[in-house]
Each structure stands twice: as structure tokens, then as C-alpha cells.
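Please read these notes with the structure open beside you. They are arranged as numbered points and can be taken in order.

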Amino acid sequence: MGALVLLVGLPGAGKSTFAAELKKKRPDIVVVSSDEVRKYFFGVVFEPKVEKQVWSIVHSAVIGNLKLGKTVVLDATNLTRRSRYKWVRWAGWFKKPVLAVFINPPLETVFKQNAMREKEWVVPEEEMRKKVMILKVPQMEEGFYSVVNIEKADEESVKKVIEELEKIEGETFEKRKIVQVKQ
Ligand SMILES: Nc1ncnc2c1ncn2[C@@H]1O[C@H](COP(=O)(O)OP(=O)(O)OP(=O)(O)O)[C@@H](O)[C@H]1O
Ligand SMILES: [Mg+2]
């Protein structure tokens with residue numbers, strides 16, 4: 001029972017918005033957000049000194065809830081293959097399928113949404129450009145059960161993800177062959 005949903009998207013793409021919409025329709029789902037862990041446990045938006053501890057808490061929350069048979073949504077950017085591979089491997093140990101949801105509005109929209117956020121959450125433009133460069137589109141060969149591409153959080157995209165989840169949540173999943181993992 002249960003699955004892991006990896007959200008993938010640039011800062012400001014709408015991941016947290018999507019997670020909140022999904023949770024409205026599926027209150028049983030647990031959303032784990034790296035931003036909320038930073039804020040709640042350390043009172044920071046981002047601070048390199050505690051990144052290791054942040055990810056240790058995120059890891060415990062995700063794996064613990066998977067062990068309880070829950071479906072978990074990881075709300076983090078997950079931009080690189082390397083960052084996603086870890087989750088595919090960990091979920092695989094518990095035989096849980098992983099669904100990637102790529103939130104991919106036009107870049108112009110992402111930059112605009114980032115700039116319009118509450119001040120402390122705005123990622124500097126230069127940092128945003130770096131992130132655009134490292135973003136790798138999630139592919140099935142990374143070991144996902146499926147990859148859902150959406151432009152924004154709306155009723156249709158939430159429905160699409162719930163439908164995908166319903167196909168896989170009840171199954172015990174055998175590890176998928178991972179063809180290649182590069183940054
Ligand atoms: N579908 C949408 N329509 C209009 N505004 C949106 C939509 N999705 C997100 N936004 C707005 O864009 C901003 C960024 O969205 P959100 O916080 O969900 O992004 P994020 O991907 O979680 O970013 P981060 O990675 O930095 O946490 C927010 O102010 C949000 O209200
Ligand atoms: Mg967010």
C-alpha cells in the first residue's frame with residue numbers, strides 16, 4: 001500500500017500549490033516539504049549550515065510514512081537525476097512505486113510567480129538561472145512507475161495524478177530496472 005510522489009519543478013513553478021490542491025482531494029496523503037522543515041525546525045528559508053539536518057528530517061518523514069503504508073508527496077525541487085535517484089532507490093527498498101509529477105509552466109510564468117511571492121521566499125534571478133540550467137526533465141528510465149507532466153495546479157491535473165495514484169497504490173511493486181543515472 002502507498003506510493004511516493006516526487007514533485008519536480010523550479011522554485012515558483014507551483015509545487016506547493018499543487019500539493020495543497022492534491023491534499024484537498026486526498027486528505028489521507030502526507031505532504032513532506034523541505035521548505036516547511038527548514039522553517040518549522042530551524043526558522044530559516046535556506047541556510048547551508050543546517051541543510052544536512054533538514055534532509056535527514058525529510059528522509060525520516062518520507063520513509064517513516066511509506067513504512068506506515070501511506071502515500072507521500074515530496075514537495076522539493078528534485079531537479080537533478082541524482083537527487084531523484086536516491087528517492088527511487090529508498091522507495092524501492094520498501095517496494096513502493098514512485099510517481100514523478102513534473103510541474104512545468106512556461107519559464108516566463110515561473111519567473112513571474114517567483115518574483116511575486118512573499119519577499120523572503122523569492123529566489124534571486126541569478127540563482128533561478130542556475131536552476132534552469134541544472135533541471136533535467138524526469139524520464140521513465142530513472143525507475144518511475146510513471147511520469148505525469150502538468151502545466152499548473154488545476155482540477156484536471158489533480159485528477160490526472162489521482163488517477164495514476166489509484167492504479168498503483170494497492171500494489172506491491174517490484175524494483176524497476178534503472179537504465180542510467182547521471183546528474
Ligand atoms: N496555478 C497557479 N495560478 C496562479 N498562481 C499560482 C499557480 N501556481 C502557483 N501560483 C503562485 O505562484 C507562487 C509560487 O507557487 P508555489 O509556492 O506553489 O511554488 P513552488 O514550486 O512550491 O516553489 P518552491 O520550490 O520555491 O517552494 C505562489 O505565490 C503561488 O500562489
Ligand atoms: Mg514550495
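1. Overall make-up. This is a predicted model. The chain holds seven helices and five strands. Read from the N terminus, the order of these elements is β-α-β-α-α-β-α-β-α-α-β-α.

2. Size and fold. The radius of gyration of the chain is 16 Å, and a compact globule of 183 residues would have a value near 16 Å, so the two agree. Along the principal axes, the C-alpha atoms fill a box of roughly 45 × 35 × 35 Å. Of the 183 residues, 32% are buried. Among contacts with a separation of 6 or more, 80% are between residues 24 or more positions apart.

3. The ligand. How many residues surround ligand 1? There are 15, and the closest are Pro11, Gly14, Lys15, Ser16 and Gln113. By class, this shell has four nonpolar, seven polar and four charged residues. Helix α1, which covers residues 15-25, gives the most to the shell, with three residues.

4. Helices α1 and α7. Two packed helices are described by the angle between their axes and the distance between the axes. For α1 and α7 (residues 155-168), the axes come within 10 Å and cross at roughly 65°. The crossing is right-handed. On the α1 side, the residues that meet α7 are Glu21, Leu22 and Lys25; on the α7 side they are Val158, Val161 and Ile162. Sorted by class, this contact has four nonpolar, no polar and two charged residues.

5. Helices α2 and α3. Helix α2 (residues 34-42) packs with helix α3 (residues 51-67) at an angle of about 115°, and their axes are 9 Å apart. This crossing is right-handed. Ser34, Val37, Arg38, Phe41 and Phe42 of α2 make the contact with Val54, Ile57 and Val58 of α3. The contact divides into six nonpolar residues, one polar and one charged.

6. Most residues other than glycine have a negative phi. Which phi does Asn78 have, positive or negative? Asn78 has a positive phi of about 45°, although it is not a glycine. Lys95 also has a positive phi, of about 55°, and is not a glycine. Asn78 is in the loop between β3 (72-75) and α4 (81-93), while Lys95 is in the loop between α4 and β4. Asn78 counts as buried because it has 23 C-beta neighbours inside 10 Å. Lys95 has 13 other C-beta atoms within 10 Å, so it is partly exposed.

7. Phe102. This residue is in strand β4, residues 98-103. Is Phe102 buried or partly exposed? It has 19 other C-beta atoms within 10 Å and is therefore partly exposed, since a buried residue needs 20 or more. Leaving aside residues up to four places away in sequence, Phe102 touches Val8, Gly9, Val137, Pro138, Val147 and Asn149. Phe102 and Glu151 are 49 residues apart along the chain, and their C-alpha atoms are separated by 8.2 Å.

8. Tyr145. Where does Tyr145 lie? It is in the loop between α6 (125-134) and β5 (146-150). Tyr145 counts as buried because 21 C-beta neighbours are found inside 10 Å.

9. Glu126. This residue is placed in helix α6. With 8 other C-beta atoms within 10 Å, Glu126 is exposed. Glu126 and Leu7 are 119 residues apart in sequence, and their C-alpha atoms are 23 Å apart in space.

Definitions and conventions:
Residues are numbered from 1 along each chain as its sequence is written. Chains are lettered from A and ligands numbered from 1 in the order in which they are written. This is a predicted model: local features need pLDDT of at least 70, side-chain atom pairs count only at pLDDT 80 or more; totals for chains, interfaces and linings use all residues. A residue is near a molecule or strand if its C-beta atom, placed from the backbone, lies within 6 Å of it. Helices (H or I, at least four residues) and strands (E, at least two) are DSSP runs, numbered from the N terminus. Ala, Val, Leu, Ile, Met, Phe, Trp, Tyr, Cys and Pro count as nonpolar, Asp, Glu, Lys and Arg as charged, and the others, Gly among them, as polar. Axes are lines fitted to C-alpha atoms, for helices over the stretch in contact, and angles run from 0 to 180 degrees between N-to-C directions. A crossing is left-handed if the near helix is turned anticlockwise from the far one by less than a right angle, and right-handed if clockwise. Two residues are in contact if their C-beta atoms, placed from the backbone, lie within 7 Å. The radius of gyration is taken over C-alpha atoms; the globule rule is 2.2 Å times the number of residues to the power 0.38. A residue is buried if 20 or more other C-beta atoms lie within 10 Å of its own, exposed if 12 or fewer, and partly exposed in between; C-beta atoms are placed from the backbone.
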